[in-house]
Number of protein chains: 2
Amino acid sequence: MIESGNAESIRRGGGTGRLKAIKSVLRGRIDDGEYTAGKRLPSERQLCDEFETSRVTLHEILIQLETDGLIYREDRRGWFVSPTRFVYNPQSRGHFQMSASEQGRKPGTVVIDKAIVVPPPIVRELLDLGPDQELARIRRVRSINERSILYVEHYCIPEVFPGLFDHDLSVSMTELYREVYGFHYGRMKYRIMPTAVTGEAAGFLRVSNGSPALLVARVNHSIDERVRDCDLEYWRHDAVLIEVDVEAG
Amino acid sequence: MIESGNAESIRRGGGTGRLKAIKSVLRGRIDDGEYTAGKRLPSERQLCDEFETSRVTLHEILIQLETDGLIYREDRRGWFVSPTRFVYNPQSRGHFQMSASEQGRKPGTVVIDKAIVVPPPIVRELLDLGPDQELARIRRVRSINERSILYVEHYCIPEVFPGLFDHDLSVSMTELYREVYGFHYGRMKYRIMPTAVTGEAAGFLRVSNGSPALLVARVNHSIDERVRDCDLEYWRHDAVLIEVDVEAG
DNA sequence: GAGTGGTCTAGACCACTGG
DNA sequence: CAGTGGTCTAGACCACTCT
């Protein structure tokens, strides 16, 4: 006797279709503006009632819409409709504030801390350092219209920029290097890859542990080709669009 | 009477910790090489038994490792350890095959189809077209070591490249344009953003519907500054690392 | 046909937010 | 304190792959 082959399990049926169907209804409401940018969606439990589904299923749907970049969540606060992406050009150095204003948004920068540290392996590799070399690290969070979208770790060689920590670090690091230290840039290299944010980084961005993100790692060289500093930038994956113009090649 | 407040629910306990703990065990096995690149992980049910957890939970853990880029899945076939990322420079045109060989991998290209179509909105916007303009579309899938990692849609103005469909389209489009049509490139613009693949694109990449991906959209201009063609490239999010060198700016 | 992942249910407790 | 998302259970059926 298979007890479970009853009316109950038949009613559930429908299989694959449900998830996609609910997803497209929600997508429609976002497109139509019923749920508008920056506003909170109804709670998961409310949506469960409306669509007569379980929380696990609904959670899964929301995660897929998050992956799409249509909505985002703030840890334990709710789900929100994603605003238009911030357009970012990694080749134009230090223009976060200017770009934001040009795009009609309100930029913000918060310095989390500054310290002399042994950098993580990826930074050692990028800067071609020995295992014990210590660097100055500045950690910042940048926001657009009060929403944190970028967590950055700056690393540089402390001897090259003496007294760095005494300056206002909430502005463009590039400008600081140039105006205070008379430092001019030469070559730059950057890497971009999808990743996930965990631990502290997730906390600073107010996203759930393990949320998708876009990592942009940049290495700056001086005019005489020496490695000088680098950034690790973790962008909320739904908040950024990278755009680069390249002259004739 | 609250029936559920029994020994059973207490035993479950542990709360938040479980997921993270199991995740780090699996991560360790990948780092240690117990699970090696390209090999299948034990089945979800086996892992459930081993860690004494439910399939939903284990599935969630695997999805987080996927977001991290450590593992990937092939739809209904299983979970696999991700190989090293393919390094890609969007500014060097048409070097997929060459880059792959340089990185010691075996490249492959399959042409899915070729047709004259009305392009999707994003292409119309990129190429600045009217709503009824038709374009030639070529769809291809590119692989590294037999693993499909890139799904591309090429769009170009058919009048500019007559007889295009009669050529071998499994090679570099850039070379074809240059060698057959004597076409040389000027400016290029590209956009990069995290997104999700659905529908056909997911099928071609053999990933589950709604998997994360990296979209690279490129627009090519001729030397006299006219828009000529564009690509929409959907990369498996765990399979690519974009690297760009920029000369002094 | 056996095995796999994909989807789904109907609950439960936990950690945190915000009034 | 009520409400939210985050995590978790112990099952079930479905769609597909592989042999």
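## Salt bridges

The structure, a predicted model, holds 36 salt bridges over all chains.

**Exercise 1.** Find the salt bridge partner of A:D238, and work out which parts of the chain the pair links.

*Solution.* 
- Step 1: Recall the background. Side chains of opposite charge can pair when their charged atoms come close.
- Step 2: Locate the partner. A:D238 forms a salt bridge with A:R147, and their closest N and O atoms are 2.7 Å apart.
- Step 3: Check the distance against the cut-off. A salt bridge needs a side-chain nitrogen of Lys or Arg within 4 Å of a carboxyl oxygen of Asp or Glu, so the pair at 2.7 Å counts.
- Step 4: A:D238 lies in the loop between strand 9 (227-236) and strand 10 of chain A, while A:R147 belongs to strand 6 (residues 147-156) of chain A. The two residues are 91 residues apart, and the pair links distant parts of the chain.

## Where the chains meet

**Exercise 2.** Describe the interface of chain A and chain B: how many residues does each chain give to the contact, and about how much area do the chains bury between them?

*Solution.* 
- Step 1: Count the residues. Chain A gives 36 residues to the contact, and chain B gives 36 residues.
- Step 2: Turn to the area. The size of an interface is often given as the accessible area lost when the parts come together. Here chain A and chain B bury about 3200 Å² between them, with 53% of it on carbon and sulfur atoms.
- Step 3: Look for the main contributors. On the side of chain A, the residues that lose the most area to chain B are A:I192, A:P194 and A:V246, together 17% of what that side buries.

**Exercise 3.** Which charged and polar pairs cross the interface, and which element of chain A gives the most residues to it?

*Solution.* 
- Step 1: Begin with charge. Four salt bridges are found across the interface of chain A and chain B. One of them may be B:D245 with A:R187, a salt bridge whose closest N and O atoms are 2.5 Å apart.
- Step 2: Between chain A and chain B, 13 residue pairs are in polar contact.
- Step 3: Sort by element. Elements of chain A that give two or more residues to this side include helix 2 (17-32), helix 4 (55-68) and strand 8 (211-222). Strand 7 of chain A gives the most, with 11 residues.
- Step 4: Sort by residue kind. The side of chain A that touches chain B has 15 nonpolar, 10 polar and 11 charged residues.

Terms used
Residues are numbered from 1 along each chain as its sequence is written. Chains are lettered from A and ligands numbered from 1 in the order in which they are written. This is a predicted model: local features need pLDDT of at least 70, side-chain atom pairs count only at pLDDT 80 or more; totals for chains, interfaces and linings use all residues. Side-chain values use heavy atoms; hydrogens and water are left out. Contact means heavy atoms within 4.5 Å. Buried area is the accessible area (1.4 Å probe) that two parts lose on being put together, summed over both. A polar contact is a pair of N or O atoms within 3.5 Å; within protein, one must be able to donate a hydrogen and the other to accept it, and residues adjacent in sequence count only if both atoms are side-chain atoms. Helices (H or I, at least four residues) and strands (E, at least two) are DSSP runs, numbered from the N terminus. Ala, Val, Leu, Ile, Met, Phe, Trp, Tyr, Cys and Pro count as nonpolar, Asp, Glu, Lys and Arg as charged, and the others, Gly among them, as polar.
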